[in-house]
Amino acid sequence: MSDAMTDPLLAEIVGPTPGQLLRRRIFGHQGLLIGGTVVALLVLVAIFAPLLAPHDPYAQSLMARMKPPVFLGGTWEHPLGTDHLGRDYLSRLIYGARVSLMIGLVAAVISGLIGSVMGICAGYFGGKVDAVVTFLINVRLAMPVVLVALAVVAILGGSLTVMVSVLGLLLWDRFAVVLRASTRQVREREYVAAAKSIGASTPRILLAEILPNIVNNLIVVVTLEMAHAILLEAALSFLGLGVQPPTPSWGLMVSEGKNMMLFEPWLVMIPGTVLFVLVLGINLMGDGLRDVAAPENRS
Amino acid sequence: MTHSVSLKMTIAALALSVAAGEAMADKASGTLYAGFTKELENVDSYFNSSREGVVMQRAIWDGLIYRDPITNEYKGNLAESWTWVDDTTLEFKLRQGITFHNGEPFNADDVVYTVNFVADESNGVKTQRNVNWMKSAEKIDDYTVRIYLKEKFPAAIEFLSGPVSIYPNEYYAEVGPSGMGLKPVGTGPYKAVEVVPGQHFVLEKNENYHDSPKGQPSIEKVDIRTIPDVNTQIAELFSGSLDLIWQVPADQAQKLEQMGQFTVANESTMRVGYISMDAAGRSSMDPNPFTDVRVRKAVNYAIDRQAIVDNLLKGKSILVNTPCFPSQFGCVQDVTVYDYNPEKAKALLAEAGYPDGFETDLYAYRNRDYAEAVISFLGEVGIKVNLKYMQYSAIRELNMKGEVPFNFSTWGSYSINDASAMVSQFFKLGSLDDARDEGVAADLATADTSTDPATRIEYYTKALQRITDQAYWVPLFSYNTNYVFKTDVDYTPTPDEVLRFTTMSWK
């Protein structure tokens, strides 16, 4: 190896190591870098919210309502201004990152587990299993997500737990559809036949042969659904049926600022922009990860 | 600087988006364009409970009596005079020569028909309390009528000057409530010439309006459109397609006033905001802290009502210390008052066995920001409150079953200037009574039915003092309404939350 490093001719023959290749693919992918940085930053913000927030996000001060942010003539006491109850906007935004990321992550994990198991089983076993799964997917696709979520929230009341469970139990369809199709492709490959011929058990084939070769698709769907769940939470909270006040949620902040939109547009623009940046970041990252992890790009 | 630029841009964009295809409203057109946020439930005023319906009712119909909203003096409207024959019989001499909008002459038959129709419970008048104190009416001659009451009811004159309007008997018998809802006919200062439910109503000046204490209408035509979103209403005001909007939230009204292009008038209303607590322990909450008077007092002490009034409601809102509006007859204010004192609240909670506070649900149907402010104040003394934000009808239904432990609500008393319209509505052991205090109910029963004003005051005072001593409610504040209109409109709003087109004119 050290020879390869020193001797350019040898290096050319041997080629870069897999680690080098991976690094090159990651750092050569702009979208992945930007998306990854945005998401990583917001995750850090969410984790260290108590350290970063300048004020208690719940502390109201009716005397200091709707103070403008610094760039519109406000003071550094409240860099992003205050909301309609005099709560610090920056602090609420920082704590709101927790709500959004938590909902995105947990909803994607729950729906990912349900959808992946269904999709892989349907794709690998085919026949009756496939028929049942396809039927379930069709049933699920026939239900409009927002309406079902609204109905459930209306019956059970809005809370973080209800939101996460509802979204998790509703957003598995894309996992199932995508993984079913990719499993069917991979199932016919030689290495699967080879594994079968040496007597590997079905779980082993599924976990060691199938899963690693479809994981790139899984990653894309995970990020798509994360972004989807975050947007749905914001939409439901905007409608007043999501996370309940005073919990800081970006959708709720947009909803609360809506009434003053004509006179204080920043009340809507600030949480709206952050929401946009997070969703864009997650999508860019997912796209990049797919490119990096795709088997056809590995060499 | 940047701030005002961005404001102007937003306004311009919004104005552009709505200006297309709208008639310009101004003095020259002779038509006043007004915007309402809510749709009418029903134009027939007996089948409506919305504020917008009350506004229409006062424009299209007349009652026998009229209460001057400024002096509170009762004047004859369709009646020339009235006398109490005995405690339960009222006799009216009717005004002659009045005709309905469709040409039908007004006489005793119309009064008898209307009263007998609405007093019959099976006809399903929406708010029974407005009419169920009347037993029947009888014609003495063409212009003399007697109304018989079920029992003594001293607020009768007040109700007759408010929700009880007189319908044309022949027309109403023919078309019924649904016909009246589509093509309303009355004797009032304005005729309804176009009714498109959910879109707009066009009222036209009644040229033959009788010499009524309401005054003569001046504005030719009024076009009222339903525009649910306040921001859209304001944008239309900017673009010139609306002349008048009302019920504008305090923050927006303040900004509009700063702009200096419109008249912003603020008037108090009879609507009172309050928090009721499950003092009788009807809800499934276990243990129920609200059954302890110390906890109820702590809740009273914990909320800084003055800060909410000063910063959120603003305008002519005032603190209210009783479950009624101070201008209402019998609504004495000489009661126990709980000023903001979080330390005392904490001490009372500790004494009641909740040193770390407790958790409960607060039900609310409007003003989520006020509810949030209240929740935040309660949080500071250790009471953790989850907000349950629902439709009014849903909460009312739960409340009737006694399943609401903690409720932020409001009551507008139908603008009836008598304490019975509020306190008796909630403390006489009815399904909405959370306190279920038999002493209070008995005092209220005496006060409601006595014809001697001194006795009424005495018993209302007793009841209200007991209610506040026991801290059954947290009476919060009165509401106000902001009216925003173009500077060429001349109008002075009245404190009863009724928009009167008759008193409007062009400058």
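## Two helices of chain A

Helix α12 (residues 202–238) and helix α13 (residues 250–258) of chain A pack at an angle of about 35°. Their axes lie 7 Å apart. Axes here are lines fitted to C-alpha atoms, for helices over the stretch in contact, and angles run from 0 to 180 degrees between N-to-C directions. Helices (H or I, at least four residues) and strands (E, at least two) are DSSP runs, numbered from the N terminus. The crossing of α12(A) and α13(A) is right-handed. That term applies if the near helix is turned clockwise from the far one by less than a right angle; anticlockwise is left-handed.

Which residues of α12(A) and α13(A) meet? From α12(A) come A:E233, A:A234, A:A235, A:L236, A:S237 and A:F238. From α13(A) come A:W250, A:G251, A:L252, A:V254 and A:S255. By class, this contact has seven nonpolar, three polar and one charged residues. Ala, Val, Leu, Ile, Met, Phe, Trp, Tyr, Cys and Pro count as nonpolar, Asp, Glu, Lys and Arg as charged, and the others, Gly among them, as polar.

## About the model

This is a predicted model: local features need pLDDT of at least 70, side-chain atom pairs count only at pLDDT 80 or more, and totals for chains, interfaces and linings use all residues. Residues are numbered from 1 along each chain as its sequence is written, while chains are lettered from A and ligands numbered from 1 in the order in which they are written.

## Where the chains touch

Chain B puts 30 residues in contact with 21 residues of chain A. Contact requires C-beta atoms, placed from the backbone, within 7 Å. Several elements of chain B each supply at least two residues to this side, including α1 (2–19), α7 (250–259) and β14 (384–389). The side of chain B that touches chain A has 14 nonpolar, 10 polar and six charged residues.

## Two positive phi values

A:M66 is not a glycine, yet its phi is positive, near 50°. A:M66 sits in the loop between α5 (49–52) and α6 (89–125) of chain A. Is A:M66 buried or partly exposed? A:M66 counts as partly exposed because it has 18 C-beta neighbours inside 10 Å. Buried means 20 or more other C-beta atoms within 10 Å, exposed 12 or fewer, and partly exposed in between, with C-beta atoms placed from the backbone.

B:Q247, also not a glycine, has a positive phi of about 55°. B:Q247 is in the loop between β11 (244–246) and α7 of chain B. B:Q247 has 22 C-beta neighbours inside 10 Å, so B:Q247 counts as buried.

Conventions:
Contact = placed C-beta atoms within 7 Å.
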